[in-house]
Structures are given as C-alpha cells and as structure tokens.
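Please work through each task before reading its solution.

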Amino acid sequence: MRACVLTEYGEPLSIRSVDDPSPTPDGVVVRVEACGICRSDWHAWQGHGEWADDRVSRGQILGHEPAGTVVETGERVHAYEVGDRVAVPFNLGDGSCPRCLSGHGNRCVDGSALGFSSDAPGAFAERVHVPHAEYNLLALPDGVDPVDVAALGCRFMTAYHALAHRVSPEPGSWVAVHGCGGVGLSALSVARAAGHRTVAVDIREEALALAGDVGATVTVDATAECVVDRIHEVTGEGADVSLDALGRAETCRNSVRCVRPGGTHVQVGLTTDAERGEVSLPTDWMTRWEVSFVGSRGMPPTRYDELFGLVESGAVSPETLVTREVALDDVSDRLAAMTDYGTVGVEVVTTF
C-alpha cells in the first residue's frame, strides 16, 4: 500500500510502498477513506516533543484522524465485520486497565497514539491497523460522511472533551479561545452548541472570519489590541473558561490572565521548540484569584457517542470547517504551510 513516512524532521515525507497491515487477534484493518491533517501531525513532522519523551521516531507513518471501512478482522473480534464503516480515535486504549475500565481510556498508560507511537502506524496510508478494536473502534452513524468524521478527528473530540468533561461551564458562560486553527474553531462550535458566549482570538483575518461563521460572539485581532484587556472589557470580570488552542507562551499566558476570579484555563495546544514544554505563569496571581489550570488531551473512545449525537442532531457541523480536500502526495506541502500558519480551517486527505 502507499503511505506517508517520516524520514527526516522538517523534510518532505516519503511516499512509498509498504506492506499492508495484518490484523492482530483483537484488531482490525481499516481501508482509509479520509484522514484529517492536524497541527499535531506538524509537531511530529517537526520533531517536537523530545522534552516530554514524546518525540515521534523516524520511519513512522503519520496521520491520526481517519475514517473508513473495515476490510479485515482478527479472530477475537466479534463486534465489527468486514464492510462496517468506522471512525478511529488517535488515543488507543488497551481496554482492560483501570483507566480504560473507568471511562478514561485517553489516559491509558499501556495504550498507543495512532500515527505517533511506533506500535501504531498512522493513517496517511491506504490502510491502517486498529488494535483492541472492540474498545477503540467507533461505528459511524448512518448517513455520516467519512470526510465529516475526519474533520471531527482529534479536533472536535479534543474540544468536546475539554469543554464537556474536563470543565463544565454553565450555559451562558463566557468561553475564550486563543488560536482559531482546527481545534480552536471546533471549540468555538462546541461552546456555541452548549449555549456559551465566546471570544475568538487570532492574528489572521481569514481565521477570525471563519470563527465568526461558526458562531463566535466576539472576535479579537491579537495584532491590533491587547487581548487580555479586550476580553475583560467584553466579559466584565473575565472569561469563565479560557482555552489555549495553540500552545505558544504568549497565548497560554494571555489565556490564564483573561479569566475571571475563580475561572479556569484549559491547555489543549502543545508547545513548540521555542517553549520546549515549559511556560512561565503568574502563579501568585493565580493563587490570589483561585484560577485553575487544567490539561486536556483527546477523548475516551467510550464517550464518542455523545459527540456523534451532536453531529446527528445538527448542533455541530464539522463539514463547515473543511476548507480543502487533498491527495496523499500533498500532505508534505500542507504540513509545510502550517509552519507559517498558512492553513485555515480543516484540510482532509481523500485521495490515496
């Protein structure tokens, strides 16, 4: 099969022929019909993460937002059959540890990260293997397009987990989102569906326009005004919840500083080699005003039905964020475009 292989950090991915995967006894093989291109793929391509013992190794097949059709099943798999349409989460649990059994499979210490772990080759390929399939796989609702599911990818489900599970603001709360890339726009869409008022922050006119399209109450151009002052002006005391969807030191600190007393900052964006996993914070000020700092990663596979329910009801529309469909051969160029924030919305591989 054809696949995109990381051979050198920051250099074009190698499009090569590799062996088709075979299913383990508890796994399945999925023919990939769509796979989103995410900023986390860019981090992997750049070689980031060594400061957190999380650097993706050379030789890895990237891609972690796939949807497709089951083409092979292992002997112990009974819940899925050849021909089933499925989505694959990037955080793959083993399905048996205390965290998986308690509904927190995204924290599984024995799990894998699709497209990032050496034992979980990714989905920028014609086929992808999914281990522990009966725990990790998700059947697609009737009528849901694979491109829409790829747009859900890690973006919508990361945003949903952050705003529905890690924090649960009351309807009508102010939610600020710093960085209007895929996960930031998804967070704005999820927040709107939950009845929150939102502030979208970015430096790009196109991204802010798209934020307005998905329902941002207020948009803030970080190049034209002080982000923290503007958010306090708009919200009164500050945001109830503020989410850093980018991972830069400036956006993280702005997010922390813009919350109200007793408010919560949620960190979703991963840092670059400028921060190397460390951002200094106003800890005395956070203590004085009892500001909470919460990390959020992915979403447990067992709770995907909540998000699919929102899609089926029309409360969230991932397809509205899809700005481009590309071929496998285009992935390197699209990752390179992310270096200078040259992409808007969600781009999806649909031609393999």
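A residue counts as buried under 20% relative accessible area, as exposed over 50%, and as partly exposed in between (1.4 Å probe, protein chains only). The model is predicted: local features need pLDDT of at least 70, side-chain atom pairs count only at pLDDT 80 or more, and totals for chains, interfaces and linings use all residues. Residues are numbered from 1 along each chain as its sequence is written, and side-chain values use heavy atoms, with hydrogens and water left out.

**Exercise 1. Cysteines**

Determine how many disulfides the model contains, and state whether Cys4 is buried or exposed.

Solution. A disulfide is taken as a pair of cysteine sulfur atoms within 2.5 Å. By this rule the count is 0 disulfides. For Cys4, the nearest cysteine sulfur belongs to Cys35 and is 9.5 Å away, and Cys4 is in no disulfide. The relative accessibility of Cys4 is 1%, so this residue is buried. Cys154 is likewise in no disulfide; its nearest cysteine sulfur, that of Cys38, is 3.5 Å away. Cys154 is also buried, because its relative accessible area is 7%.

**Exercise 2. An aromatic pair**

Classify the geometry of the rings of Phe90 and Phe116, and locate both residues in the chain.

Solution. Rings of Phe, Tyr and Trp (its six-membered ring) pair if their centres lie within 6.5 Å; planes under 30 degrees apart are stacked, over 60 edge-to-face, and the rest tilted. In one of them, the centres of Phe90 and Phe116 are 6.5 Å apart and the planes stand at 85°, so the pair is edge-to-face. Helices (H or I, at least four residues) and strands (E, at least two) are DSSP runs numbered from the N terminus. Phe90 belongs to the loop between strand 5 (85–87) and strand 6 (91–92), and Phe116 to the loop between strand 7 (112–113) and strand 8 (127–130); the pair links distant parts of the chain, 26 residues apart. Phe90 is buried at 8% relative accessibility, and Phe116 is buried at 19%.

**Exercise 3. Positive phi**

Which phi value does Arg276 have, and where does this residue lie?

Solution. Arg276 is not a glycine, yet its phi is positive, at about 50°. Arg276 is in the loop between strand 14 (259–267) and helix 9 (283–288). Its relative accessibility of 40% makes Arg276 partly exposed. Tyr341, also not a glycine, has a positive phi of about 55°. This tyrosine, Tyr341, is found in the loop between helix 11 (331–339) and strand 17 (346–351). At 23% relative accessibility, Tyr341 is partly exposed.
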